[in-house]
Amino acid sequence: MIFSKITGIGHYVPENVITNQYLETLMDTSDAWITERTGIKERRYFTYGKDTNASMAAEASKIAIERAGITPQDIDFIVYATITPDYYFPGPGFVMQRELGMQGIGVLDIRDQCSGFIYALSTADQFIKSGMYKNILVVGSEIQSTFLNTSNEGRGVAVIFGDGAGAVVLQATENAQHRILSTHLHADGTYAEELYVKDPGSSRSKRFYDDLVEDNKTGDVFMNGSAVFKHAIVRFPEVIREALDKNGLKPEDIDLLVPHQANLRISEYVRQQMKMPEEKVMNNIQKYGNTTGASIPIALCEAWESGRVKDGDLICLAAFGSGFTWGSALIRW
Ligand code: COA
């Protein structure tokens, strides 16, 4: 049987550090409010003229490919998760493919918001298990800072999000000991408008450009924070348990849980629900904020680099976000 295995991982965060103290100069907020509600101390914003969604992904991908011991030309497919493309279309995966000299191979854009990386990983896993591809680059990259309203009006959302990119190389293996065990994907569109950006949307009475000029608030992120919170703390434990049940495992078998870095309070609540010790849950939201599709590969990469992911470990990835979407992946490293 063919399975898939993560053989290389990399991440890139822009150098521009935005502290809570800096946000205090833009809006009526405080380090204490942000820290208490979200756990975030700082986040990164891209540098205009230096970083693009595609260029950040390319940097992360180069590291992942090198660590996998292969070259960009060995990659035979790209799955790229983002909700903040450089262009309205085509997606940044195509530009990144060009930047890395991988022209000719297929590129699949995934738009599943904070669960995007799990959806991308799951999709790549199926392509490998079917025998269609052997080496897939799976990417999550976001530039969200340009979408944030950093005035008082947008402060409930703006303080949470940041920019960054992460990537993994997924390769075919016949070794059943080290592989992705299972992935689990869910969504409930009932809540599509509880966390969304309305424009630029197509189904409008006028060109979106005119609409935005008339009422530029439709281009802002809208988030019903308490609805997101309430659903997240139910769906995270549910989808982690689903993955464990599928594989006949228990929460205590998990060596490291890498949750989507939505909010430290959510991660902490999930950890307590799962009765897991602090050292078994990866959190780096304090440094990067919520980087949506990029958060899991960035967190997994930092965990791996610091020696928290070892051969044979049971790693659980889990996400919840806009859509609403949620998902998990269980990996025997
Ligand atoms: N700084 C200071 N005050 C702020 C603020 C900020 N950045 N943002 C909002 N406030 C104010 C509000 O205006 C409100 O003031 P009021 O009581 O005078 O009306 C007060 O703080 C409380 O606002 P509220 O929205 O009720 O706060 P909350 O305790 O629900 O926390 C979130 C807001 C967003 C932190 C919280 O709902 C949350 O964590 N939700 C989940 C969000 C998430 O994880 N999103 C990512 C999903 S992938």
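Reader: Before we start, what should I know about the numbering and the values?

Author: Residues are numbered from 1 along each chain as its sequence is written, and side-chain values use heavy atoms, with hydrogens and water left out. Since this is a predicted model, local features need pLDDT of at least 70 and side-chain atom pairs count only at pLDDT 80 or more, while totals for chains, interfaces and linings use all residues.

Reader: Thanks! How many helices and strands does the chain have?

Author: Helices (H or I, at least four residues) and strands (E, at least two) are DSSP runs, numbered from the N terminus. Here the chain has eleven helices and 13 strands. Its radius of gyration is 19 Å, close to the 20 Å from the globule rule for 333 residues, so the chain is as compact as a globular protein of that length. That radius is taken over C-alpha atoms, and the globule rule is 2.2 Å times the number of residues to the power 0.38.

Reader: What share of the residues is buried?

Author: Buried means under 20% relative accessible area, exposed over 50%, and partly exposed in between (1.4 Å probe, protein chains only). In this chain, buried residues make up 55% of the 333.

Reader: Let's look at one helix. What span should helix 5 have?

Author: The expected span of a helix is 1.5 Å times one less than its number of residues. For the 14 residues of helix 5 (residues 116–129) that gives 20 Å, and the end C-alpha atoms are 20 Å apart, which agrees. Ten of those 14 residues are buried, so helix 5 is largely enclosed by the rest of the structure. Among the buried ones are Phe117, Tyr119 and Asp125. After the helix comes Gly131, with a positive phi near 90 degrees.

Reader: And which elements do the buried residues of helix 3 pack against?

Author: Contact means heavy atoms within 4.5 Å. The buried residues of helix 3 pack against strand 1 (3–12), strand 4 (77–81), helix 4 (92–99), strand 6 (135–142) and strand 7 (164–173). Those buried residues include Met56, Ala60 and Ile65. Helix 3 is followed by Gly69, whose phi is positive, near 75 degrees.

Reader: How many salt bridges does a search of the whole structure find?

Author: A salt bridge is a side-chain nitrogen of Lys or Arg within 4 Å of a carboxyl oxygen of Asp or Glu. The search finds twelve. One of them joins Lys129 to Asp125, with the closest N and O atoms 3.1 Å apart. These two residues are four apart in helix 5, separated by about one helical turn. Lys129 is partly exposed at 35% relative accessibility, whereas Asp125 is buried at 0%. Elsewhere, Glu268, Arg271 and Glu278 are linked in a network of salt bridges.

Reader: Which side chain of opposite charge is nearest to Arg179?

Author: Lys and Arg count as positive and Asp and Glu as negative; His and the chain ends are not counted. For Arg179 the nearest opposite charge is Asp125, 7.4 Å away, and Arg179 is buried yet has no salt bridge. Arg179 lies in strand 8 (residues 179–187). Leaving aside neighbours within four places in sequence, its contacts include Phe3, Lys5 and Leu330.
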